[in-house]
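Here is a friendly walk through one protein model, written for someone who likes to know the cut-offs behind each term. Please have a look at the sequence and the structure first.

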Amino acid sequence: MPSPKSKNPVRGGGSPVLGSSNGRYDFMSLTKPLNRSSPPHQRQGSDPATARLRASESPTRRRGSSSSTGSGQGLPDEDGLRLNPSFIRVALSSLLAIDLWMSKTMGVCACEDSSWGSVRPLMKLIEISGHGIPWLAGTAYCLYKSDSATGQEVMLNLFMGLLLDLVLVTIVKAVVRRRRPAHNRMDMFATFSVDRFSFPSGHATRAAMCGRFLLAHLVLAAPLRFLVVLWAALVGLSRVLLGRHNVTDVMFGFWMGYVQYNLIEMLWLSPQTLQGLLGQLA
């Protein structure tokens, strides 16, 4: 009978391997079969798609992607630039809402039945005191009645400043075209077509410019100088209390009138200069 050791049994599909000196059989692991018929690139456990993917993931590219993800936690530059205009729009919308709320809250003299309706006639009197027509008429009368060269020079430049104020305010109102507050009553004194617009306040520009002019070129005592400043402030305040303008209209008007006085100083006309200009035109 042949010996059991002379047989080569195959267990579990494994491949027996002979060559042991002690007569034992060594079997290969069943979990790692060797497929000799598969191509070399498949024996390495990869297919063409995987090879291309590995080639694309080069060390340089991986390094660049890791650095961009590590240092670029924020938005890209173009996204950041795209957000800036929206932030500005939100800020401007918020300021506009605050301006409208303050203007409506402070419009306590807009109507006779308002909370401060009894003060409305006084506010309208202050409104007329800052109107352009009384200032132009009064300045022209003082220029005509003045018998000194210094007085004529001062009144002449004040008259030119008032004309400059009318022109600049008209241009800005026509360009901006901001409507007056909804609670305003159009019962103003001597209005024109451009007066239906609100920005800036012509009364505020005129009050600031004339106030600076009077303080600089007229010799006034301390109480009178205080009254000039108080008058300019009341003119601007009356525009909001009467509901004629928003708060930003008056604030910008004060700044514009302040700058207009600087222009008057730069373009100051003496009587001799005016006579020379009239002689050239004649």
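The report below goes from the overall fold to helix packing, salt bridges, the surface and a few backbone details.

This is a predicted model, in which local features need pLDDT of at least 70 and side-chain atom pairs count only at pLDDT 80 or more, while totals for chains, interfaces and linings use all residues. Residues are numbered from 1 along each chain as its sequence is written, and side-chain values use heavy atoms, with hydrogens and water left out.

**Overall fold**

The protein chain has 11 helices and two strands. Both kinds of element are DSSP runs numbered from the N terminus: helices are H or I with at least four residues, strands E with at least two. Starting at the N terminus, the order is β-β-α-α-α-α-α-α-α-α-α-α-α. Of the 282 residues in the protein chain, 29% are buried. Here buried means under 20% relative accessible area, exposed means over 50%, and partly exposed is in between, with a 1.4 Å probe and protein chains only.

**Helix packing around H10**

Two packed helices are described by the angle between their axes and the distance between the axes. In this report, axes are lines fitted to C-alpha atoms, for helices over the stretch in contact, and angles run from 0 to 180 degrees between N-to-C directions. Helix H10 covers residues 247-266, and its axis comes within 7 Å of that of H8, with a crossing of roughly 40 degrees. H8 and H10 are therefore oblique to each other. For orientation, angles under 35 degrees count as roughly parallel, over 145 as roughly antiparallel, 65 to 115 as roughly perpendicular and the rest as oblique.

H7 also meets H10: their axes come within 10 Å and cross at roughly 135 degrees. That angle makes H7 oblique to H10. The crossing of H8 and H10 is right-handed, and H7 passes H10 in a right-handed crossing too. A crossing is right-handed if the near helix is turned clockwise from the far one, and left-handed if it is turned anticlockwise by less than a right angle.

**Salt bridges**

The structure holds five salt bridges, each defined as a side-chain nitrogen of Lys or Arg within 4 Å of a carboxyl oxygen of Asp or Glu. Among them are these three:

| Pair | N to O distance |
|---|---|
| Arg239 and Glu127 | 2.5 Å |
| Glu127 and Arg244 | 2.9 Å |
| Arg178 and Asp249 | 2.9 Å |

What do Arg239 and Glu127 link? The pair links distant parts of the chain, with Arg239 in helix H9 and Glu127 in helix H5 (residues 120-129), 112 residues apart. Glu127 also pairs with Arg244, which sits in the loop between H9 and H10, 117 residues apart from Glu127. Arg239 and Glu127 are both buried. Glu127 counts as buried because its relative accessibility is 3%, and Arg244 is buried at 0%.

The salt bridge between Arg178 and Asp249 joins the loop between H7 and H8 to helix H10, so the pair ties together parts that are 71 residues apart in sequence. Arg178 counts as buried at 17% relative accessibility, and Asp249 is buried at 0%. Together with Asp99, Arg178 and Asp249 are linked in a network of salt bridges.

**Surface**

Phe87, Ile88, Leu92, Leu95, Ile98, Trp101 and Met102 make a nonpolar surface patch of about 790 Å². Patches are made of residues with over 30% relative accessible area and no salt bridge, with like charges joined within 9 Å and nonpolar side chains (Val, Leu, Ile, Met, Phe, Trp, Tyr) within 5 Å. The areas come from the Shrake-Rupley method with a 1.4 Å probe, and for residues only the protein chains shown count as cover. Trp101 belongs to helix H4 (residues 77-106) and is exposed, with a relative accessible area of 59%.

**Backbone details**

Most residues other than glycine have a negative phi, and most peptide bonds are trans. Where is Arg177 found? Arg177 is in the loop between H7 and H8, and has a positive phi of about 60 degrees although it is not a glycine. At 47% relative accessibility, Arg177 is partly exposed. Pro200 lies in the loop between helix H7 (149-176) and helix H8 (202-217), and a cis peptide bond with omega of about -5 degrees joins Phe199 and Pro200.
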